[in-house]
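Have a go at each task before you read its solution.

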Amino acid sequence: MGGCENVRSAAWAMVRHHPSYYFVIDRDDQSDQQVEDSWTSFPDADNANLIIWRKRELENYFIDPNYISQSNFLKKGFSKNRIAKVVLKEANRRLFLDAANLTLLSLHRDLRRPFCDHFANPADFQTIDDGRSRISELPELSDKVADITRLFSKSHVETLYDDFVNVLTGGAYPLMYGTGDWLTRMSGKEIFRAIAGQCFTVRSRTDEVIQGKEQNIEVAKDLLRLPLAQQPSDFQELVDKVRQRISAI
């Protein structure tokens with residue numbers, strides 16, 4: 001379906017006709033409150049049966065050393081501690097880039113936000129001039145211009161960026177485990193791509209080394225074959241919610 005906004009649109013479009021369809025999207029820049037609200041209400045047709053991962057991207061679950069150290073594809077000598085160092089090194093390299101991209105995600109989301117209700121009374125639109133005057137004289141238009149000016153002001157953008165840096169680091173730089181939300185909120189997709197070749201070796205049935213996207217998929221599939229009790233807590237909770245829903249049908 002493409003990006004998260006496409007999935008979100010599809011969820012809202014399908015929910016009335018397919019109430020047993022469920023959707024999961026990446027968190028990106030969304031707040032803790034938005035995320036937890038989606039878990040609390042899920043599954044709920046009034047919220048499009050949509051749940052938001054608690055981590056920025058699905059791949060963030062696959063950069064947790066505690067989880068990926070259980071992989072059958074780990075290279076010889078790669079202990080949990082060694083994996084943790086590789087992940088941390090890549091995260092430190094990307095920190096300020098990821099904070100900037102989170103800032104852009106937030107700006108994009110604010111920019112696309114609806115700013116007024118649609119018109120509803122055809123009697124107010126008898127001529128082309130009626131339409132022109134009503135749309136151009138909307139007071140919300142000037143409010144939107146002011147909001148956009150504020151949104152893209154240097155001070156607002158810098159404050160937003162600083163806030164994301166603080167969220168990621170928890171005030172500690174270089175990054176360290178147990179401080180800040182970097183393991184949850186940085187781009188797990190990019191970090192996993194960067195570390196996968198260092199940490200894992202995947203071979204085909206003909207004993208050829210598999211690399212790139214195909215390798216990464218095999219690593220993820222291998223981890224997902226672990227017993228449910230060994231999966232990340234969010235995976236366990238999602239499975240439990242779906243099971244409860246199925247048993248209630």
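**Exercise 1. Decide whether Gly 77 is buried or exposed, and find where Gly 77 sits.**

Solution. Keep in mind that you're looking at a predicted model.
- Step 1: Gly 77 has a relative accessible area of 54%. The cut-off for exposed is over 50%, so Gly 77 counts as exposed.
- Step 2: Look in the loop between H3 and H4, and there's Gly 77.

**Exercise 2. Work out whether Asp 29 is buried or exposed, and say what Asp 29 touches.**

Solution. 
- Step 1: Find Asp 29 in the loop between strand S1 (23-25) and helix H2 (32-41).
- Step 2: Its relative accessibility is 10%. Buried means under 20%, so Asp 29 is buried.
- Step 3: Skip the neighbours within four places in sequence, and the contacts of Asp 29 include Leu 102, Leu 105, Ser 106 and Phe 164.
- Step 4: Arg 109 is also in contact, and its side chain makes a polar contact of 2.7 Å with that of Asp 29.

**Exercise 3. Explain why the buried residues of H9 line one face of the helix.**

Solution. 
- Step 1: List the buried residues of H9 (residues 188-199): Gly 188, Ile 191, Phe 192, Ile 195, Ala 196 and Cys 199.
- Step 2: Look down the axis of H9; these residues fall within an arc of 130°, so they line one face.
- Step 3: An α-helix has 3.6 residues a turn, so residues three or four places apart point the same way.
- Step 4: The buried residues of H9 pack against helices H3 (65-68), H4 (80-111) and H10 (212-224).

Key. Residues numbered from 1 in each chain as written. Predicted model: local features only at pLDDT ≥ 70, side-chain atom pairs only at ≥ 80, totals over all residues. Heavy atoms only, no water. Buried < 20%, exposed > 50% of the residue type's maximum accessible area, 1.4 Å probe, protein only. Helix = DSSP H or I, 4+ residues; strand = E, 2+ residues; numbered from the N terminus. Arc of directions from axis to C-beta. Contact = heavy atoms within 4.5 Å. Polar contact = N/O pair within 3.5 Å; in protein donor to acceptor, adjacent residues only side chain to side chain.
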